[in-house]
Amino acid sequence: MSKPAGKPLILKVAVSVPLSRQFDYLPATGAAAADPGCRVLVPFGRRRQVGVVLSHATETDVPAAKIRHCITTLDENPLFSDDDLWLLRFTSEYYHHPIGEVVAAALPAALRQGKMLHPTQTIVAITDAGESADVENLVRRAPRQAELLEVLRDAGGNGLDEGALTDQIPAWRRAGKALFEKGLIHRFSARRDEPESAGACAGQPGPTLNEHQQKALDTIRKPDGFDVFVLDGVTGSGKTEVYLQLMQDIIAAGKQVLVLVPEIGLTPQLVARLQDRLGIVPSVLHSGLGDTERLQAWRGARAGRAHLVVGTRSAIFTPMPNLGLIVVDEEHDHSFKQQEGLRYSARDLAIARAKRRDVPIVLGSATPTLELLQHCLTGSYTRIELPVRAGDARPPIFRLVDLSRAPMVDGVSEPLAATIDAHLQADGQVLMFLNRRGFAPTLICSSCSRVTECARCDSRMTVHARDRQLRCHHCGACRPLAATCASCGAEVRPLGEGTQRLEEALQKRFPSHRIQRIDSDTTARKGTMDAALAMAEQGVADILVGTQMLSKGHHFPKLTLVGIINADQGLFGTDFRSSERLAQSVIQVAGRAGRESRQGEVVIQTAFPDNPFWQCLIEGGYGRVAADALAERQATRWPPFTWLALIRSAAHRQQDAHAFLDVARQLIEKHAIEHLRVLGPVDAPMARRAGRFRAQLLLQSSDRKALHTVLGHLRPVLESEPAARRVRWSIDVDPVELF
Ligand code: ADP
Ligand code: ZN
């Protein structure tokens, strides 16, 4: 870039602070300007910060006397390519989130802290003087020095790394001191070479694809470049087999594949399957990795060495120079949307990234989100159906148990208990699904009916019987379990069912069978989740009791019965997505039943068996529910027919939370945009959480551009708004939770 004479080169730098702007710096004194994509260390106020250069410019608003120099450049070569920087900028603009924080979210922790990209090692090597020194003479006078000199002579000019040297001569440092002083040996630091990744070996062949899978594969292979494919396949239809064949093509062509999976979908089982079939070790990126491991995986992807990168949400930002394909598995899963800080959807960013890089993207699910289905209807995305289960597996049979006639005892009705018994007798494994952990959702007084509430949240405390505690699942508050009511002194008892209570009841009823409960209470410790899943898979436990965690993508070969303990919560939800979500969760958990040759059965306990939702789902499957829900959304003008953004605020005083949103509303109204509805401010559905009052303002528009224009104007003004100082606030674009 040639710059006009006399004007200094300005670096536009992203610094991780909650402000929607870039910061201008001059290059480090006496150094060349760092290229875009490189990290620089910059003075920021009285601190030093790691920033990333976004671009070069010749203009700045900062007065010449005030503009500061970078302290140093941290990278020789850019960490982010132009395409990577494009994705970061796009994320910042689309989600109306400060670019510095977006960049920070995209960097592994070690790089964010300013560590070097490549680990270095200290090498000790012989000098020219050392080569010609008289060792014979030295042997007599200083035998240890002579020994060290010999070893380093043998090592040659590349020398030895200090660690390796210590292995050979543990006390080399003392002898070395004199040799350094005499200039016979020297020390330098060098980049440690990456261990060569285990060479690709031939993977195991997979099953012969059935006609549907083959057709799917042919459709996806056909075009060159960007295209969005929605692989809509019933559970167990062999979607993964389709991905595997595609990956093989891409990897064989020397390109890279990025696979995004839900948070709890990334199991050792999946990694082992990929490795077996593709013959390469996938680079895995998830939140549980240590800093060093994460950096190593990131480096491999950035260098193009890693051909298969499998990760959760944040892996979407990983630089991959030879990207050839993106796969998003279980795209309906909510863990693809980050719910705090930078509230991005990794699935949506994956589509944007694939478009920018002109590569195909495949989004798979048995229960595709309505947003994607609508794009398929309008023809912008291609829907590919896998309507039958692969191999011998048949679809499960659904049955409703009417709770108004067959009441539950500790969560289990008599008809369900009898069905469990029949499956166990036939040596089947059963899974009881209840999306509530703990013993019971609350404690109720037998006399005054008072329920125990959290002091800091508008929420009930959950009974955890085994630990004799009451816990708030929203703020984590704990209290000992009392036997009597705090207001009237009468006896209290647990009300409703949680997974602990269900486990106990089933154990009493089926004492000779092994029960395994899998929820976030039993799998909190690292590794326990994987161990529990492995046991469930091997069929060690006959009865599995679990939450949402168990419903995702797992394959339990012996499982023949799924019981849905309480499905009614979702029937009357207030969120416009309630029925979509309920259908997704029922279909996903039902999909665990009968995945091999034995017939699967699904029993749903409900007090409302006549609700049309159930008939629709059982007779027409997810497709029918989705079609109905889409028609309803179109009539009521909800997404995907309109676009939403939610502005949230939280404060110690309710009026502060509202006052801030009142200001926001006034600012929005100044723009007088057509087709923009502003709803609120109102209290959030759970108005008080962890001692803070929460309120929200919902923006809805049928014109996506207009909505973004307003948000773009709003954000910087809100940042400097005095009312903002008393609240925590955020903008959530395309929110998935409306609270
Ligand atoms: P999904 O990803 O749709 O849930 P998978 O690819 O995991 O499905 O396949 C489900 C099961 O069916 C797996 O055990 C898989 O090995 C098997 N399978 C997949 N495709 C075939 C096929 N064409 N023939 C036989 N078995 C298959
Ligand atoms: Zn609480």
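In this predicted model, G563 sits opposite V603, a residue of strand 28. The two strands concerned are strand 27, covering residues 559-564, and strand 28, covering residues 601-606; they pair in the parallel sense over four bridges.

Both strands belong to an open sheet of six strands, in which the order is 16-28-27-19-26-25 and the pairing is parallel. Strand 16 (397-402) and strand 25 (515-518) form the edges, each of them pairing on one side only. On average, and with direction ignored, neighbouring strands of this sheet are turned by 20 degrees against each other. Helix 19, residues 612-636, packs on the sheet, where it touches strand 16 and strand 28. The direction of helix 19 makes about 160 degrees with that of strand 16.

The loop that lies between helix 19 and strand 29 (643-651) contains P640. The peptide bond leading from P639 to P640 is cis, with omega near 5 degrees. A cis peptide bond also joins G680 and P681, with omega about 5 degrees. P681 is located in strand 30, which spans residues 676-689. A further backbone feature concerns D358, which has a positive phi of about 60 degrees although it is not a glycine. D358 is placed in the loop between helix 13 (346-357) and strand 14 (360-365).

A second open sheet consists of three strands in the order 7-6-8, with antiparallel pairing. Its edge strands are strand 7 (160-161) and strand 8 (185-191), and each pairs on one side only. Strand 6, residues 120-126, pairs with strand 7 in the antiparallel sense over two bridges. Within this part of the sheet, I123 stands opposite D161 of strand 7. Helix 6 (residues 143-155) packs on the sheet and touches strand 6, strand 7 and strand 8. The direction of helix 6 makes about 105 degrees with that of strand 6. Helix 8, made up of residues 172-181, lies across strand 6 and strand 8 and runs at about 110 degrees to strand 8.

The remaining topic is the surroundings of ligand 1. The ligand is surrounded by 16 residues, of which the closest are T208, Q213, K239, T240 and R273. By class, this shell has three nonpolar, nine polar and four charged residues. Helix 10 (residues 239-252) gives the most to the shell, with three residues. Polar atom pairs between the protein and ligand 1 include the following.

| Protein residue | Protein atom | Atom of ligand 1 | Distance |
|---|---|---|---|
| Q213 | side-chain N or O | nitrogen | 2.8 Å |
| G236 | backbone N or O | oxygen | 3.3 Å |
| R595 | polar side-chain atom | oxygen | 3.4 Å |

On its own, ligand 1 has 550 Å² of accessible area, and the protein covers 77% of this.

How values were computed
Residues are numbered from 1 along each chain as its sequence is written. Chains are lettered from A and ligands numbered from 1 in the order in which they are written. This is a predicted model: local features need pLDDT of at least 70, side-chain atom pairs count only at pLDDT 80 or more; totals for chains, interfaces and linings use all residues. Side-chain values use heavy atoms; hydrogens and water are left out. Two strands pair if DSSP finds at least two bridges between them. Axes are lines fitted to C-alpha atoms, for helices over the stretch in contact, and angles run from 0 to 180 degrees between N-to-C directions. Contact means heavy atoms within 4.5 Å. A residue is near a molecule or strand if one of its heavy atoms lies within 4 Å of it. A polar contact is a pair of N or O atoms within 3.5 Å; within protein, one must be able to donate a hydrogen and the other to accept it, and residues adjacent in sequence count only if both atoms are side-chain atoms. Accessible areas come from the Shrake-Rupley method with a 1.4 Å probe; for residues, only the protein chains shown count as cover. Ala, Val, Leu, Ile, Met, Phe, Trp, Tyr, Cys and Pro count as nonpolar, Asp, Glu, Lys and Arg as charged, and the others, Gly among them, as polar.
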